[in-house]
Amino acid sequence: MFSQKLTKFLAVGTAAIAVAIGAYAIGNSGSSNGASDTANAATSAQPGQNQNQQVVGQVPQNWHSGSGTIITGAAADKAEAVAVAEYPGGIVNRVLQLSDGSYAVHQIKISWPHHVFVSANFEVTGAIG
């Protein structure tokens, strides 16, 4: 009798946990149907971006998380320096050059922003996180 109750309790508990994990994953999937060519201080999203991300300035039109080519060297160092000067406190773990010649500086260990966008002329143009 005790074993049957324990089995039933574990099955119900496991099902509840699975439902909660599934709901959390769906709610935080990061997919979006919204589109925006330019961003402003209001929360906005482009395809592939989470609706809850804060956006400031302009995000490159075709940018999405994971786009760009990781670079190193003088251009990466300069883009990093500009981004950190504008948004201090994070740790830059990579700099990406985007197809339009601009840069996406990826910061970690910071609450906001996660990506800082720097023009080909090394001016901060926007941020998203």
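Q: Among contacts between residues at least 6 apart in sequence, what percentage join residues at least 24 apart?
A: Contact means that heavy atoms lie within 4.5 Å. In this protein chain, 35% of those contacts join residues at least 24 apart. Please keep in mind that this is a predicted model, where local features need pLDDT of at least 70, side-chain atom pairs count only at pLDDT 80 or more, and totals for chains, interfaces and linings use all residues. Residues are numbered from 1 along each chain as its sequence is written, and side-chain values use heavy atoms, leaving out hydrogens and water.

Q: Which elements does the protein chain hold, and in what order do they run?
A: Helices (H or I, at least four residues) and strands (E, at least two) are DSSP runs, numbered from the N terminus. Here there are 2 helices and 6 strands, and from the N terminus on they run α-β-β-α-β-β-β-β.

Q: How do the strands form a sheet, and in what order?
A: Strands of a sheet pair through backbone hydrogen bonds, either parallel or antiparallel. Two strands count as paired if DSSP finds at least two bridges between them. In this model, 6 strands make an open sheet with antiparallel pairing, in the order 1-6-5-4-3-2. Its edge strands, strand 1 (55-57) and strand 2 (69-71), each pair on one side only.

Q: Over how many bridges do strand 3 and strand 4 pair?
A: Strand 3 (residues 91-97) and strand 4 (residues 103-108) pair in the antiparallel sense over 6 bridges. For instance, I91 has I108 in strand 4 as its bridge partner.

Q: What percentage of the residues count as buried?
A: Buried means under 20% relative accessible area (1.4 Å probe, protein chains only), exposed over 50%, and partly exposed in between. Of the 129 residues in this protein chain, 30% count as buried.
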